[in-house]
Amino acid sequence: MLVESPADKTVSEAAVDLQASVPPGPRGKAIYTCPMHPEVQEDHPGDCPKCGMALELKTVTVGADDEENVELRDMTKRFWIGATLALPVFVLAMTHLIPTLARQPWVDSNPSRWLQLALATPVVLWAGWPLLRRGWRSVVTRHLNMFTLISIGVGAAFVFSAVAMLMPGIFPPTMQHEGKVAIYFESAAVIVVLVLLGQVLELRARSRTGSAIKALLNLAPPTARQVAPGGDHEVPLDQVKVGDWLRVVPGDKVPVDGAVVEGHSSVEESMITGEPLPVEKTVGDKVTGGTVNGSGSFVMRAERIGNDSLLGQIVNMVAEAQRSRAPIQGLADKVAGIFVPVVLAVSWLTFGLWMWLGPEPKLSHAIVCAVAVLIIACPCALGLATPMSIMVGVGRGAQEGVLVKNAEALERLEKVTMLVVDKTGTLTEGKPKLMNVLPTGGFDAKEFLRLAASLEQNSEHPLAAAIVQGAKDQAIVLDAVKDFRSVTAGGVAGAITGRTVMVGKPDFLRSAKITGLEPLEASAVKLQEEGKTAIFVAIDGKPAGILAVADPIKSTTSEAIGELHALGLQLVMLTGDNRRTAAAVAKKLGLDAVEAEIEPAGKVAHVKKLRAKGKHVAMAGDGINDAPALSEAEVGIAMGTGTDVAMQSAGVTLVKGDLRGIAKAIRLSRATMRNIRENLFFAFVYNALGIPLAAGVLYPFFGWLLSPIIAGAAMSLSSVSVIGNALRLRKVRL
């Protein structure tokens, strides 16, 4: 083939290349959006005016991660300083509950009470300021949410306590003990710290969503070897233009998408296909940016760069899929949307009724009862209900090798009805192995394998490595090879201990005038139907047999599929492998459906199609090619033995790469979500029972008012119930 030399390219042609070039990456203004309300879009980080959630980055821009880290650092600092100050407040407030210390003179003394005020004030007014601001905004925008409850609870506890310290005389004698009114600084401070902890965990999970895109972008090399009349020279990748000629040497990553114009090699394309076997490339073949070149060298012409490249498209698909995440706090927010106005209405109604019908001092009684309503309705238990279950559940999962990236992954996983799995590295081990040694009549199996493996030890092909390893596993000693030669996309040949040996494809053997291959080809079809690759061997000019290499199914896969079917899931395999091999694997494992020869975009499209039909889809995979589909699925599940990109794109990672971990993850999700609903029930039942008592419904009959101390105790009891219930997850069987 006649190929134009880069030295012959004219200046005008270079100008055409420049005009045809595409910017190498996304540029423009950063856009931040709310995961719950996508219509909210801002050009700076902040809070959603509707739900108070932190806005997420929608577009990939330089410096965006730094902006996100500022928010995380700020919340982390507020949490640690707040926790440091809140701990002594809590200890001072709870000391009277310890029998050996309850009678100490300093317990509930004025210095102790003033110290609690001094320590709690910065916790509430500084550490908790972002929470109070979000609560205020929720009132202004009339979108009541969790932050409304938090602000009311913290504000009520703190303001009541501050007034009790500064103006104790306004309270009726029934509310005083030795001239002192009960204070609740520890409630206000602890609530702030717990909520800040939840915010820090949320921000950490959110900051990791960009890691998948970083890992994808890192697949492309930073520079490329540009072919020029004066010799090759390295240029930054973003300076490569469409039409440039680039040299790719052994071991290099292919810089951009293009076509081979000179030379030949084998390219490892597992990032695209998920398959570990390299693909032979000769003049005219397409190559993809980010794939890894083997032992050969070639020159390629750049055809697609930047966002137009396959890698760029994968980045965009991952970014788009990651934006559509709903927070687990949505359930509590929906309930809070009804609960908050009810509590406020009851509090105001309580105040008004006591001012109208209550005994003297009416104002004091009205304030006490209204504040008691707010204290007993304090959302401490509600705030704990979700994060406590999540924290315990995530820890329990980690003990079983199931790493959960964020809370919403557990929420979504509970509803999954269909599991989409990749083949290589997920169902199979991801490493080819020698499965069968099938010599024809007259050839001894060990001698046959010794000759073939001795020849293949000079080849760098993964199939050759599998054959060599198979021989070593049988303690076969390999011999030296003479006159070794390799034919690209064909096979290898050489002389071993005086015998001529050829290993490769049937056409390669026929090119050496070897006949009688038909029986071997018939046997090869059966092997391929079993999901194996057949390699032909000829010795001394005659067909000698077949070596079968395959990527074996993991020993735990069949058991895992049985468990998943028992949980009510349908299983679909999507793979870039050939249809015959994929069908064989699917049939053997009893999968419900299989789609083969699918590229990354095809996997994403298939997942979208399943979701459009109303299926709740989880995707399990381990390769770069799986990253977009992992992000598009409601829950992505990455095998820990796979790539970093797959793990960053997934909501759940199985550390051991064992598919049985998916069944554990689903059981964990169902147990955790059931626990959260129980916790929410506890939280609201205590409030529902306590609010009427706090409002004073028993006063006309028994002359009894619910002391804020009792209100605080009821609030604490609801929190204890929630925490105790959440801790049961530590013992759940997965």
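# Chatting through a predicted model

Q: Which residue stands opposite alanine 638?
A: That's threonine 653, over in strand 26.

Q: What's the strand order in the open sheet of seven strands?
A: The order is 14-26-25-24-15-22-23, and the pairing is mixed.

Q: Which strands stand at the edges?
A: Strand 14 (402-404) and strand 23 (593-595). Each has a single partner strand, so one side of each has no neighbour in the sheet.

Q: And by how many degrees are neighbouring strands turned against each other?
A: On average it's 20 degrees in this sheet, ignoring direction.

Q: Which strands does helix 23 lie across?
A: Helix 23 lies across strands 14, 15, 24, 25 and 26, and runs at about 50 degrees to strand 14.

Q: OK, cores now. How many residues are in the largest nonpolar core?
A: There are 60. Leu413, Leu419, Ile637, Val652 and Ile662 have the most contacts inside it. Helix 23 (residues 660-695) gives this core its largest share, 13 residues.

Q: What does leucine 413 touch?
A: Leaving out residues up to four places away in sequence, leucine 413 touches Ala618, Val635, Ile637, Val652, Ala665, Ile666 and Ser669. There's also a second, separate core of 34 residues, and Val123, Ala182, Val193 and Val195 are among its members.

Q: New topic: where does helix 3 bend?
A: At alanine 120, by about 30 degrees. A proline, proline 122, follows within four residues.

Q: What span should helix 3 have, and how far apart are its ends?
A: Helix 3 (residues 110-127) has 18 residues, so at 1.5 Å a residue it should span 26 Å. Its end C-alpha atoms are 25 Å apart, which agrees.

Q: Which residues of helix 3 are buried?
A: Ser112, Arg113, Gln116, Leu117, Leu119, Ala120, Val123, Val124 and Ala127.

Q: Wait, why does arginine 113 count as buried?
A: Because its relative accessibility is 3%, and buried means under 20%.

Q: Is helix 14 enclosed or in the open?
A: Largely enclosed by the rest of the structure, because nine of its twelve residues are buried. Among them are Phe448, Leu449, Arg450 and Glu456.

Q: And strand 17: buried or in the open?
A: Strand 17 (residues 482-487) has six residues and the number buried is zero, so it lies largely in the open.

Q: How many bridges join strand 17 to strand 18?
A: Four, and the two strands run antiparallel. Arginine 485, for instance, has alanine 493 of strand 18 as its bridge partner.

Q: Last one: where is threonine 556 found?
A: In the loop between strand 21 (542-550) and helix 18 (557-566). Threonine 556 counts as buried because its relative accessibility is 15%. Not counting residues up to four places away in sequence, threonine 556 touches Asp658, Leu659 and Arg660.

Notes: Residues numbered from 1 in each chain as written. Predicted model: local features only at pLDDT ≥ 70, side-chain atom pairs only at ≥ 80, totals over all residues. Heavy atoms only, no water. Buried < 20%, exposed > 50% of the residue type's maximum accessible area, 1.4 Å probe, protein only. Pairing = 2+ DSSP bridges. Core = buried A, V, L, I, M, F, W, Y, C linked by side-chain atoms within 4.5 Å. Contact = heavy atoms within 4.5 Å. Expected span 1.5 Å × (residues − 1). Bend = angle between axes of the 7 residues up to and from the residue. Axes fitted to C-alpha atoms, helices over the stretch in contact; angles between N-to-C directions.
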